[in-house]
Amino acid sequence: MSVVIKVGMADYKVGRGPDKLLTLGLGSCIGVTLYDKRKKQGGMAHIMLPKNPTPDKPTPKFADSGVDLMVKDLEKAGVNMRDVEAKVVGGAQMFTFSSSNEMNSIGYRNAESVLLELKKRGIRVVAEETGGNAGRTIELDLETGSLKIKTMGSGEKFI
């Protein structure tokens with residue numbers, strides 16, 4: 001029997017199949033999942049901002065320290081990062097102003113920062129759904145690696 005492990009805002013969790021990881025309310029935030037299909041282990045982080053202004057105090061709130069903390073926990077659990085695949089979801093522009101442009105939005109910057117952190121670590125991104133203007137909820141099945149995305153007003157899909 002699987003357990004659904006909830007990942008709060010500015011948090012991350014790691015686990016193994018048959019459990020599932022779930023985070024709600026991704027607006028401009030990014031949900032990043034890391035998954036090792038051979039070991040059926042993975043993690044999910046709910047990232048709020050691009051860069052930690054105090055690197056000596058790591059927190060999952062930020063792309064740089066959040067990805068780093070999750071990677072370290074997965075490595076402690078025996079996961080080899082060369083076997084990991086990442087999926088990145090979120091980064092919506094929730095509010096539009098007449099002077100706003102998507103490249104300056106916090107959602108866009110969050111997505112870019114997470115992708116950069118994954119690239120620095122050599123982690124392959126196999127799926128990405130970022131941008132737009134709708135909130136999302138994601139659930140990672142740690143048994144299969146399938147990621148369910150529920151988008152406000154658009155239903156659900158799997159990547």
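Buried means under 20% relative accessible area, so D64, with a relative accessible area of 14%, is buried. The close-up views below are taken from a predicted model.

**View A. Packing of helices α1 and α2.**
Helix α1 spans residues 63–76 and helix α2 spans residues 106–120. The two pack with their axes 9 Å apart, at an angle of about 40°, and are therefore oblique to each other. The crossing of α1 past α2 is right-handed. On the α1 side the meeting residues are A63, D64 and V67, and on the α2 side they are S113, V114, E117 and L118. Sorted by class, this contact has four nonpolar residues, two charged residues and one polar residue.

**View B. Salt bridge between D64 and K51.**
The side chains of D64 and K51 form a salt bridge, with an N to O distance of 3.6 Å. D64 is buried at 14% relative accessible area, whereas K51 counts as exposed at 61% relative accessibility. D64 also takes part in the contact of α1 with α2.

R121 and D68 meet through their side chains in a salt bridge of 3.4 Å, N to O. Distant parts of the chain are linked by this pair: R121 is in the loop between α2 and β7 (124–130), D68 is in helix α1, and the two are 53 residues apart. R121 is partly exposed, with a relative accessible area of 28%, and D68 is partly exposed too, with 26%. Both belong to a network of salt bridges that links D68, K72, E117, K120 and R121. The structure holds 14 salt bridges.

**View D. Salt bridge between E85 and K37.**
A salt bridge joins the side chains of E85 and K37 at 3.8 Å, N to O. E85 is in strand β6 (residues 84–90), while K37 is in the loop between β4 (30–36) and β5 (41–47); the pair links distant parts of the chain, 48 residues apart. E85 counts as buried at 19% relative accessibility, and K37 counts as exposed at 54%.

**View E. Surroundings of T33.**
T33 is part of strand β4. With 1% relative accessibility, T33 counts as buried. Apart from neighbours within four places in sequence, the residues in contact with T33 are G43, M44, E85, A86, K87, I138, L140 and L147. One of them, E85, is the salt-bridge partner of K37.

**View F. Surroundings of G135.**
G135 is located in the loop between β7 and β8 (136–141). At 12% relative accessibility, G135 counts as buried. The C-alpha atoms of G135 and G25 are 6.1 Å apart in space, although the two residues are 110 residues apart in sequence. Beyond neighbours within four places in sequence, G135 is in contact with L26, G27, M94, K150, T151 and M152.

Note on methods:
Residues are numbered from 1 along each chain as its sequence is written. This is a predicted model: local features need pLDDT of at least 70, side-chain atom pairs count only at pLDDT 80 or more; totals for chains, interfaces and linings use all residues. Side-chain values use heavy atoms; hydrogens and water are left out. Axes are lines fitted to C-alpha atoms, for helices over the stretch in contact, and angles run from 0 to 180 degrees between N-to-C directions. Helices (H or I, at least four residues) and strands (E, at least two) are DSSP runs, numbered from the N terminus. Angles under 35 degrees count as roughly parallel, over 145 as roughly antiparallel, 65 to 115 as roughly perpendicular and the rest as oblique. A crossing is left-handed if the near helix is turned anticlockwise from the far one by less than a right angle, and right-handed if clockwise. Contact means heavy atoms within 4.5 Å. Ala, Val, Leu, Ile, Met, Phe, Trp, Tyr, Cys and Pro count as nonpolar, Asp, Glu, Lys and Arg as charged, and the others, Gly among them, as polar. A salt bridge is a side-chain nitrogen of Lys or Arg within 4 Å of a carboxyl oxygen of Asp or Glu. Buried means under 20% relative accessible area, exposed over 50%, partly exposed in between (1.4 Å probe, protein chains only).
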